[in-house]
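Student: I would like a close look at one part of this model. Please take me through it in short steps.

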Amino acid sequence: MSESVNIPEPSKAFPGIGVSTDQGLLQWISSVDHKMIGIMYLLVSLLFFVIGGAEALLMRTQLALPMNHVLSPEAYDQFFTMHGTTMIFLVAMPAIFGFAVYFTPLMIGANEMAFPRMNAFSLWITFFGGLLLYFSFFAGGAPDAGWFNYAPLNQKNYSSGPGIDYYTMGLLLTGIGSVTTSVNLVVTILHYRIKGMKLNKLPLFVWMVLVNSFLLLAAFPSLNAALAMLLMDRQFHAHFFNTSNGGSALLWQHLFWIFGHPEVYIVILPPFGILSEVFPVFSRKPIFGYSFIAASSVAIALLAFGVWAHHMFAVGLGNTVDSFFSASSMLIGIPTGVKIFNWLATMYGGKIKFTVSMMFAVAFLVEFTIGGLSGIAFSIVPIDWQLTDTYYVVAHLHYVFIGGTIFGLLAGLFYWFPKMTGKMLNEKLGKWFFWLFAIGFNVTFLVQHVLGILGMPRRVYTYPNLPWYGILNFISTVGAFMMGASMLLLIYLVFKSKKSGEVAGNDPWDAFTLEWATTSPSQLKNFDELPVVHGRRPLWDWKKKP
Amino acid sequence: MMKLVVGTEAMFFVSLIMAFIYMAYNAGFEPHEVQQLDIKTTGIFTVVLFCSSFTLMLAEKKYNSRKIKSLKFWLAATIVLGLIFLIGQGKEYIRLINDNITLSGSVFGTSFYALTGFHGLHVFIGLIILSIVFVLAFLGDFNKPSSNVISTVAIYWHFVDIVWIFVFTVVYVLPHFTKI
Amino acid sequence: MFTLKLYVTHFFFLQSVENPASFQAEKINHLFNVFNVAAAAMLLLVCVLVTYICIKFRQKKDDAREASQTTGNKKLEALMIGIPTLLLAYFFWQTVSVENAVAAPLHPAQQPDVIITGHQWWWEVEYPASKVITANEVHLPAGKHILMELRTADVIHDWWVPQLGNKMDMIPNTKNYLQVDINKPGDYFGACSEFCGAQHAWMRIHVIAQSQNDFNNWLDSNTTNAHQPTDSLAMRGAYLFQTKTCASCHRIQGRNAVSNYGPDLTHVASRQQLLTGLIDNNETELFKWINHPQQIKEDAHMPDFIFDKDSVQAIAHYLAQLK
């Protein structure tokens with residue numbers, strides 16, 4: 001029994017994949033096809049990843065030796081602010097949206113997103129937001145108060161350049177893009193699933209995207225409100241965060257982290273979803289504990305709004321408040337951490353194939369455990385009192401963002417590249433890339449834990465020549481350049497494979513979900529007919545019972 | 001979709017209202033500034049805005065029972081009531097500014113104008129949408145029964161009203177019962 | 001010279017969280033060590049499982065059988081949730097008890113022993129009981145329970161000396177408190193740990209813990225007014241200091257200079273370093289600094305002045321006498 005797929009029907013009037021027009025590259029600009037938009041999101045992400053990475057390398061060069069003078073203090077401050085802002089808002093989020101808008105319709109058996117034009121709007125407004133943010137470099141200086149831009153340092157009297165204004169406007173624009181995409185994804189997932197795909201049969205990636213979209217819709221308004229207030233402060237002399245006129249420094253921290261901590265889960269849940277697809281396929285088994293993984297993501301989304309003040313243990317909120325947020329932060333660690341064992345149990349008893357995608361997934365297990373454990377250290381208030389705002393935090397957050405988000409996204413890239421281009425991403429070079437990237441990453445950040453324990457604060461443009469500081473920082477810089485080199489390899493790999501890679505076929509991994517039931521890449525209309533879904537692995541069921 | 005938009009907008013107003021309350025307790029408003037608010041007049045305009053929700057509800061009802069003429073009438077009534085509310089808010093602003101309470105003057109001014117201003121902006125946007133719907137009604141877009149435009153717009157308009165109830169309570173009513 | 005001494009002392013008495021020198025730091029350090037053991041065990045468990053599973057269950061070439069299609073195991077899942085929950089419950093209990101030991105409730109009438117105010121980018125230190133004001137190098141008595149009051153004059157700063165325990169932010173318009181019981185006399189180093197602008201890197205902390213006796217002596221010697229200039233060069237320096245804007249930002253007790261916009265200079269020559277540890281304290285370094293501040297500490301709030309070399313020399317000479 002099979003079901004014809006009509007909704008939503010993409011119109012031939014819209015340019016998209018498989019529709020030949022004479023427009024050439026212009027076709028990309030005018031496209032509303034979710035697949036082209038997905039690819040463009042990923043390209044935007046790659047572009048900003050290169051820029052943000054270059055900023056990181058400049059910072060690491062400055063920090064390679066004690067009392068170094070490669071960058072001036074202002075330049076260093078602008079670079080670390082832009083590095084953080086870029087990596088969160090212009091790399092992690094676009095990459096996640098790229099995979100989400102490309103694969104959500106394919107995995108639920110739909111032909112398009114619910115609102116194709118809005119989809120294109122979201123992409124471009126995000127991109128323009130990013131461009132606006134970067135225009136600040138030409139307009140008199142980039143923002144220089146850190147990516148969380150604490151008051152009152154973000155006020156005109158301490159940061160008189162236009163950088164913070166560009167930060168505000170840029171983030172508001174990308175924020176609009178994120179919110180509209182989330183609305184789009186929620187409506188698509190709730191209304192356009194193929195017959196039989198109940199919510200408890202959704203592929204876990206789509207589950208995570210769904211939960212994530214709700215999380216995003218609830219979290220972003222808080223940032224937007226804070227940004228609007230900051231804009232009023234800077235442009236109309238309002239008094240929200242202007243501490244010399246009765247404003248409050250802590251209000252900004254509260255509003256920012258009510259957004260900021262859910263944001264951390266916003267960039268980790270979809271990679272969790274990707275891994276929950278990758279592990280089963282390459283272990284040849286269903287996921288272990290589907291219900292736990294799905295339900296725990298909802299728990300994470302809800303708890304995420306009750307943990308924000310663990311970023312503020314050192315501001316003097318008092319032991320009672322600190323203890324409350326300590327408990328909630330530990331609590332959220334459980335649904336997050338236990339997933340590691342779900343994935344391990346998925347692999348257990350399987351027939352594991354070590355493709356590059358699977359290698360990233362397995363490496364993720366170890367890296368994310370390290371990031372998660374140092375995260376638990378920060379939920380223990382007294383330890384946080386010692387180590388917050390040191391290099392220990394820098395190490396922790398990079399183990400979560402790179403060891404978690406980026407490793408997950410790279411597993412997704414190697415897993416889905418054949419579907420997106422019809423060509424395999426070169427596995428042999430891919431393994432070189434994996435080792436170079438993974439080793440470079442650990443060399444860079446493992447030593448930073450020690451630097452934090454030795455008392456090195458974060459966000460310093462230089463440091464005195466104290467024992468171990470020089471050598472550990474130098475090691476970290478060497479690792480950073482290894483990662484830089486590995487990124488060049490990845491870019492070469494992607495464009496080489498796209499041009500002359502091995503042809504992939506429709507289903508190179510013998511996978512389980514619906515995106516592999518169509519051509520690679522699929523036509524403008526993704527599906528004409530699909531089997532009715534009865535289980536969580538529709539394609540597997542279909543292949544078993546011809 | 002509109003429900004999601006309203007949900008995310010609701011979080012935005014929660015942030016603004018929490019900021020207002022936080023500023024009230026943390027920085028401390030000048031009591032004389034709080035007392036300058038005209039609770040009576042604004043109370044009347046609050047009733048006006050509240051009525052506009054009912055008129056829009058009636059409009060929706062008329063549309064469902066295919067009475068296009070009454071639909072147009074109640075839509076117009078809604079727009080007029082909304083306009084009256086905005087004019088009322090404008091008068092309040094002018095009076096306060098004449099009394100030297102401005103956005104850049106004090107912490108109270110900052111919080112007050114930001115919160116009520118963002119709400120006013122939402123009323124204004126709602127009026128634009130309603131006007132478009134009104135014009136579309138004359139162009140005959142609603143002669144057929146299948147449209148859900150009016151019910152979607154209504155969700156937004158009711159939301160704006162409900163937000164005002166909260167804003168009014170927090171800004172105008174509560175300070176009379178608590179010591180700020 | 002001092003930098004070398006610093007290097008050596010740091011080397012033998014590593015200025016780290018793992019080398020606590022106060023009651024508070026010891027408490028936290030103990031908890032940190034327990035946590036590290038638990039965390040290491042957890043990491044080891046994951047690593048062992050990953051390695052074992054990857055070796056045991058990798059696809060073998062001639063093995064065409066299908067893997068067993070298990071989808072879950074309720075008992076195992078309960079265990080996976082239960083054990084971490086118990087571990088975390090233990091750490092939460094520890095959190096609360098250490099929190100209360102380190103940051104014990106304050107008596108409302110308790111007066112701070114020292115008030116430290118963060119400025120971009122230096123520390124103002126005031127001893128309210130004796131009305132002594134100094135800057136950057138913080139003298140504290142060892143073996144005594146000390147209550148520190150932390151404030152800021154501009155943006156958020158953060159007080160952190162790893163060996164002495166927890167850090168505490170300095171929030172505008174707010175007073176925060178920190179308690180410390182230093183075990184024994186010595187030099188303890190730290191740094192501002194909240195990003196506070198361009199020279200955040202050079203806002204380092206030097207705590208000099210002394211025995212109660214030494215501390216009292218030090219305090220006494222600092223209650224006095226600044227020394228009068230003795231030779232003619234120093235007198236010219238003092239005159240220039242007073243007339244050429246220096247006095248509008250810096251305080252020198254006993255002279256007509258009272259501002260706290262810049263560091264107090266009453267006994268500046270008795271300090272070991274200048275600019276929170278950036279340069280050594282002697283006449284040559286002082287000369288370099290006053291001659292071209294923006295070259296030594298870019299973006300510091302002390303601007304480049306248009307002085308001739310002789311004037312700078314005079315001011316440096318004067319300041320170098322303020323023991």
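Student: How many bridges join strand β1 to strand β2 of chain C, and do the two run parallel or antiparallel?

Tutor: Five bridges join them, and the two strands run antiparallel. In chain C, β1 covers residues 114–119 and β2 covers residues 122–127. Numbering starts from 1 along each chain as its sequence is written, while chains are lettered from A and ligands numbered from 1 in the order in which they are written. The model is predicted, so local features need pLDDT of at least 70 and side-chain atom pairs count only at pLDDT 80 or more, whereas totals for chains, interfaces and linings use all residues.

Look at one bridge between these strands. C:Gly118 has C:Trp123 in β2(C) as its bridge partner. Strands here are DSSP runs of E with at least two residues, helices are runs of H or I with at least four, and both are numbered from the N terminus. Two strands pair if DSSP finds at least two bridges between them.

Now widen the view. β1 and β2 belong to an open sheet of five strands in chain C, in the order β3-β2-β1-β5-β8. Its pairing is mixed. β3 (132–135) and β8 (176–181) of chain C stand at the edges. Each has a single partner strand, so one side of each is left without a neighbour in the sheet.

Go to the pair β9(C) and β10(C). β10 of chain C spans residues 204–210. The two strands pair in the antiparallel sense over six bridges. C:Tyr188 stands opposite C:Val207 in β10(C). A helix joins the picture here.

Next, pick one residue. C:Gly186 sits in strand β9 of chain C. Leaving aside its neighbours within four places in sequence, C:Gly186 is in contact with C:Ala21 and C:Ala209 (C-beta atoms, placed from the backbone, within 7 Å). The C-alpha atoms of C:Gly186 and C:Val207 are separated by 8.2 Å. These two residues are 21 residues apart along the chain.

The contact between the chains takes 76 residues from chain C and 74 residues from chain A. On the chain C side, β9 supplies at least two residues. So do α1 (2–12), α2 (23–56), α3 (74–102) and β7 (168–170) of chain C. The largest share of this side, 15 residues, comes from α3(C).

Notes. Contact = placed C-beta atoms within 7 Å.
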